[in-house]
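These are my notebook entries on what I looked up in the structure shown below. I begin with a term that the entries rely on.

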Amino acid sequence: MTSHRWLVSPSLSGAALLAAAAVPASVCAATYATADDVAHRAFNTATAFGEVLVTLAPADAAALAAPGAAPHGPLRTIEARQGDAVLGRVVVDSVIGKFEQIDYAVALDAAGKVLAVEILTYREGHGGEVRMPSWRNQFVGKTAADALHVGADIANISGATLSCTHVTDGVHRIVAWAARHPLAAKAA
Amino acid sequence: MRQRARPLLGTLVEVRAQGASATAFDVAADAAFDAVAQVHALMSFHEAGSDLRRIARARAGERLVVHPHTAAVLRSAQRWARASDGAFDAGCAPRAVEQGWLPAPADGTPPGALPFEDALELAGHSVHVHAPVWLDFGGIAKGYAVDLAVARLRRAGMRTGAVNAGGDLRVFGTLEETVHVRSPFDAATLWPVAALKDSACATSASGAVARRGAAPVDSPAPRSVTVLAPTACAADALTKIVWQQGELASQLLRRARARALVVRADGSVWQS
């Protein structure tokens, strides 16, 4: 049976009164999956999974970084195998959006084709930065229409349009890196 | 409550459900994500192979068969356009292209002046194009995708849960959720505005408007419109209508068993 009700009273006459019940966005965080979960879902016929921390050459570290960001640190990957065959790998990365930090994982088959992109964790806010008006002012006119819901254990999503762009850009960088470092060559 | 999220529809899509085994949830969530991805492929103005772009290429007099999902969203868009005397306008893509919000389709037939609800005649899954139209379903396709994802979760045996696509939210089963809306005045603040059970919610907020020229701070123009409705598709359509019509949309909201909360640029609030 459909039911919905306002938690704000009709007698409220201003945003200032609404603000009395407000919560800081920075309390919002959600955990959706681990990199292992993503590996097991994407490669459900695999017989073995191995964590491989890839130390990046300076050119790759720069290419994997978001524009203007510091070079990417070692790249966390999980390789999936079935007997001797390499099925593919999962690459873990983080992007910082305007409102949030997002950890995500990309599952790629042995040929470098994307099988899935899944969000691992989501955190609202950049700690202290989000309280600085000048930092916030960058969002004026740029944010998407957002509602978000906060359940008993504070699970929610917001600021979504921008963050998704950053995830998409990150996926493109990972696909390009994987093409330069094919798994097949490694197995041989 | 188990949950997963993927980047889809240009936003983050979050799927949650309760009470199932991890495997059952994964199968259900995959079906829900697949449904959302399908809606995106059919109804994106960016993708040349989408039904929307096929319609944009069509010349006056052509008939084309679209996917049942596209037909359902078009039928719904036409109903909202007629019910709101055109305040809801899915034929707005040419203006969006003009403003640079959408890329101009190189293959599009120049659109005519006829309102989209009159230019396109729908019979089953067949669209009779009376005049060329560039459709932009925008949020209602997102709302429809959320409704469809909920249907897939239910079909896969999930009894309660929620789907949230960047603010178009639907809750099903016994779960009751508090909806928070980001303050249009302060990005770091969330307002707990509503409780939902087996219902949906959508918000259109200042960002979308600011791009069209932000209203002055002392203006009664809306900065944020939140609508609660039985479906996410209806909730999303109604945010656009309430944005333009304000309190004049009261009757339409009642007929749709929906309620609206408008926060205006001057800080005043209206709710139905």
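**Entry 1: a term, and A:Thr77.** I call a residue buried if 20 or more other C-beta atoms lie within 10 Å of its own, exposed if 12 or fewer, and partly exposed in between. I also note at the start that this is a predicted model. I then looked up A:Thr77, which is placed in strand S5 (residues 75-82) of chain A. Is A:Thr77 buried or exposed? A:Thr77 has 23 other C-beta atoms within 10 Å, and therefore it is buried. Leaving aside residues up to four places away in sequence, I found that A:Thr77 touches A:Val52, A:Val54, A:Arg89, A:Val90 and A:Val91.

**Entry 2: chain A as a whole.** I recorded six helices and nine strands in chain A. Chain A has 188 residues, of which 36% count as buried. I next looked up its contacts between residues at least 6 apart in sequence, and 58% of these join residues at least 24 apart.

**Entry 3: confidence.** The model scores ipTM 0.82 and pTM 0.86. For chain A I noted an average pLDDT of 75, with 64% of the residues scoring at least 70. Within chain A, the pLDDT is below 50 over residues 126-161, a stretch that has 95 contacts in the model beyond near neighbours in sequence. For chain B I noted an average pLDDT of 88, and 94% of the residues score at least 70. Chain B has a stretch of this kind too: over residues 208-216 the pLDDT stays under 50, and the model has eleven contacts for it beyond four places in sequence.

**Entry 4: two helices of chain B.** How do the axes of helix H1 (residues 22-43) and helix H3 (residues 68-83) of chain B cross? I found that these axes come within 10 Å and cross at roughly 75°. Angles of 65 to 115 degrees count as roughly perpendicular, and therefore H1(B) is roughly perpendicular to H3(B). On the H1(B) side, the residues that meet H3(B) are B:Gln38, B:Val39, B:Leu42 and B:Met43. Their partners in H3(B) are B:His69, B:Thr70 and B:Val73. Sorted by class, this contact of H1(B) with H3(B) has four nonpolar, three polar and no charged residues.

**Entry 5: B:Ser50.** I looked up B:Ser50 in the loop between H1 and helix H2 (51-57) of chain B. B:Ser50 counts as buried because it has 20 C-beta neighbours inside 10 Å. Not counting residues up to four places away in sequence, B:Ser50 touches B:Ala41, B:Leu42, B:Met43 and B:Ser44. B:Leu42 and B:Met43 are also among the residues of H1(B) that meet H3(B). From B:Ser50 to B:Ala195 I noted 145 residues in sequence and 36 Å in space, C-alpha to C-alpha.

**Entry 6: strand S8 of chain B.** Strand S8 of chain B covers residues 189-205, and B:Asp198 is found in it. B:Val193 is found in strand S8 as well. B:Val193 is buried because 24 other C-beta atoms lie within 10 Å. Which residues does B:Val193 touch, not counting those up to four places away in sequence? I listed A:Trp6, A:Leu7 and A:Val8 in chain A, together with B:Val179, B:Val181, B:Thr226 and B:Leu261 in chain B. The C-alpha atoms of B:Val193 and B:Ala56 are separated by 39 Å, and the two residues are 137 apart along the chain.

**Entry 7: two positive phi values.** B:Asp198 is not a glycine, yet its phi is positive, at about 50°. With 18 other C-beta atoms within 10 Å, B:Asp198 is partly exposed. B:Asp85, also a residue other than glycine, has a positive phi near 50°. B:Asp85 is placed in the loop between H3 and helix H4 (93-98) of chain B. B:Asp85 counts as exposed because it has 12 C-beta neighbours inside 10 Å.

**Entry 8: the domains of chain B.** The domain assignment gives chain B domain 1 (51-135) and domain 2 (172-271). Taken over C-alpha atoms, the centres of domain 1 and domain 2 of chain B are separated by 26 Å. I found six residues of domain 1 in contact with seven residues of domain 2. The side of domain 1 that touches domain 2 has four nonpolar, two polar and no charged residues.

Definitions and conventions: Residues are numbered from 1 along each chain as its sequence is written. Chains are lettered from A and ligands numbered from 1 in the order in which they are written. This is a predicted model: local features need pLDDT of at least 70, side-chain atom pairs count only at pLDDT 80 or more; totals for chains, interfaces and linings use all residues. Axes are lines fitted to C-alpha atoms, for helices over the stretch in contact, and angles run from 0 to 180 degrees between N-to-C directions. Helices (H or I, at least four residues) and strands (E, at least two) are DSSP runs, numbered from the N terminus. Angles under 35 degrees count as roughly parallel, over 145 as roughly antiparallel, 65 to 115 as roughly perpendicular and the rest as oblique. Two residues are in contact if their C-beta atoms, placed from the backbone, lie within 7 Å. Ala, Val, Leu, Ile, Met, Phe, Trp, Tyr, Cys and Pro count as nonpolar, Asp, Glu, Lys and Arg as charged, and the others, Gly among them, as polar. pLDDT is the predictor's confidence in each residue, from 0 to 100. Domain bounds come from an automatic or database domain assignment.
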